[in-house]
Amino acid sequence: MGRQAGRAAMMRRLARPYAIVGWLAALVGAVGATTLRIVDPVPIIRNPFGFGDVALVGFGVMGVAFASVGALLVVRRPLNAIGWGMVLIGVGHAVGIFAAAATYFMVAVGTQEALRTAQLTGWLTTLFITMGGFLFGIGFIFPTGRGHTPRWDRFVRLFLIGGPVAWLMIVLQPGPLSVFPTIENPFGLGPDLRSAPGMEVSPVAAASSVIFVPLLLWSLVSRYRLAASIERQQLKWFGLALVVATGAFGFSGAGAVVAGDPPEIGLAVFGFAGALVPVAIGIAILRYHLYDIDRLISRTLGYALVTGALAAVFATSAIGLSALLGSIAAGDTVAVAASTLLVFTLFGPLRRRAQVAVDARFDRSHYDASRTVQALTARLRDDIDLERIEIDVVGVVGRTFHPTASVLWLRRYETTVRRSPVTIPGHHAAKVTTT
């Protein structure tokens, strides 16, 4: 107990300086990289990941987002390891792209001294960018900062050992740098394992995700099944953002496998999509609008279904009308215009129907609350008994919003019944406490 108390006290003392230094380093790295590319947009060095200007901006945004939210969590939740790890990930992404921009600049200068400096900055790019790859490791400890069972705790400890070892193997790999194959590693040690078949970094990273991602999903599903209601809401936030980031990562990795030299758009999409992960983590751990996730998932699925259905309707109608009007002048233009009008007409009704169906499955509380309020509105149109209205309104509020207390105030007003004025006493209150 004494050791744990001392460790907690030390983390609290270091939290604020660590958060400030990490956030400033990420901000300076992202702004410096962008500024350097704007001031001197030298040619991009060929690399197996697709690092271009747009990708650098995406990684800068992701780095600052991770460092900002991580710094906030370190200050607010110093005993939770997630915030500390997020700051490191943010610094890795932001400072890494600054080193990459500096490498492009030094190679463009072309002198012997500049090329030696490019070796150092290229090595720093590999060092920091691969450090940011610990992004997906957060999934094994979210949201408590540790594994949810003793078995997963042992796996996390193994990951904390194996992850840095793999990181050092990449950083100290002799021969060409992983990020810049045209630059030799100035700090290479040991044998060059890439002489073995299939050891190119991008395809190996894409292949490793086939094993790593299912393992991460298994951990999240297992934690979700054992979690209480609040932790389940937190996992929904993280899971939704992680699905988006993982999809973008898979898109980038697929481009590396298929095209050999992946297009820049793959890594750029991953950078901007990855910025959603720290935002979701911050909302989940700080519990800001925590229960809005059900509505967000519902709206996302609803619009995705409507978009897919309308795209199918548009394609089908455009093809069919083009075939029918093929003999008429400007038949294709008429077909596209008619299909667009049809899609525009169907959007409203289809969206409402799809949203009701999705809400009934994924946002049940909002769906039930809407139906309850609609039923109350229908009853109030015909009910004139104030005591019954009072009980009904307070009861609906309690069932819908689950407050600890609810109060109904009725303002004083006058009405005439058979030409006889009747005054209802003002400031009539009903107070109900719910559990």
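**Helix pairs and a pocket**

I started with helix 2 and helix 9, which are roughly parallel to each other; angles under 35 degrees count as roughly parallel and those over 145 as roughly antiparallel. The model is predicted, so I kept its limits in mind: local features need pLDDT of at least 70, side-chain atom pairs count only at pLDDT 80 or more, and totals for chains, interfaces and linings use all residues. Residues are numbered from 1 along each chain as its sequence is written, and side-chain values use heavy atoms, with hydrogens and water left out.

I checked the axes of helix 2 (residues 53-76) and helix 9 (residues 276-286): they come within 8 Å and cross at roughly 20 degrees. Axes are lines fitted to C-alpha atoms, for helices over the stretch in contact, and angles run from 0 to 180 degrees between N-to-C directions. Helices are DSSP runs (H or I, at least four residues), numbered from the N terminus. The helix 2 and helix 9 crossing is left-handed, meaning the near helix is turned anticlockwise from the far one by less than a right angle.

Which residues of helix 2 meet helix 9? I found A65, F66, V69, L72, L73 and R76 on the helix 2 side, against V277, P278, V279, I281, G282, I285 and L286 in helix 9. Contact means heavy atoms within 4.5 Å. The residues of this contact divide into 11 nonpolar, one polar and one charged.

Next I took helix 3 and helix 4 (residues 112-131). They pack at about 160 degrees with axes 7 Å apart, and are therefore roughly antiparallel. Their crossing is left-handed. By class, the contact has 17 nonpolar, eight polar and no charged residues.

Helix 4 also packs on helix 5, at about 160 degrees with axes 10 Å apart. That crossing is right-handed. From helix 4, W123, T126, L127, T130 and M131 meet W167, I170 and V171 of helix 5. I logged six nonpolar, two polar and no charged residues there.

Last, I looked up the second largest pocket. It holds about 880 Å³ of space. A pocket is an open set of points on a 1 Å grid where a 1.4 Å probe fits, with protein on both sides within 12 Å along at least five of seven lines; lining residues have an atom within 4 Å of a point. Of its 27 lining residues, A81, G85, I141, G145 and L160 are the closest to the centre. Helix 5 gives the most to the lining, with seven residues.

Conventions: Grid points are joined across faces, edges and corners, and a volume is the space filled by probe spheres set on the points. Helices (H or I, at least four residues) and strands (E, at least two) are DSSP runs, numbered from the N terminus. Angles under 35 degrees count as roughly parallel, over 145 as roughly antiparallel, 65 to 115 as roughly perpendicular and the rest as oblique. Ala, Val, Leu, Ile, Met, Phe, Trp, Tyr, Cys and Pro count as nonpolar, Asp, Glu, Lys and Arg as charged, and the others, Gly among them, as polar.
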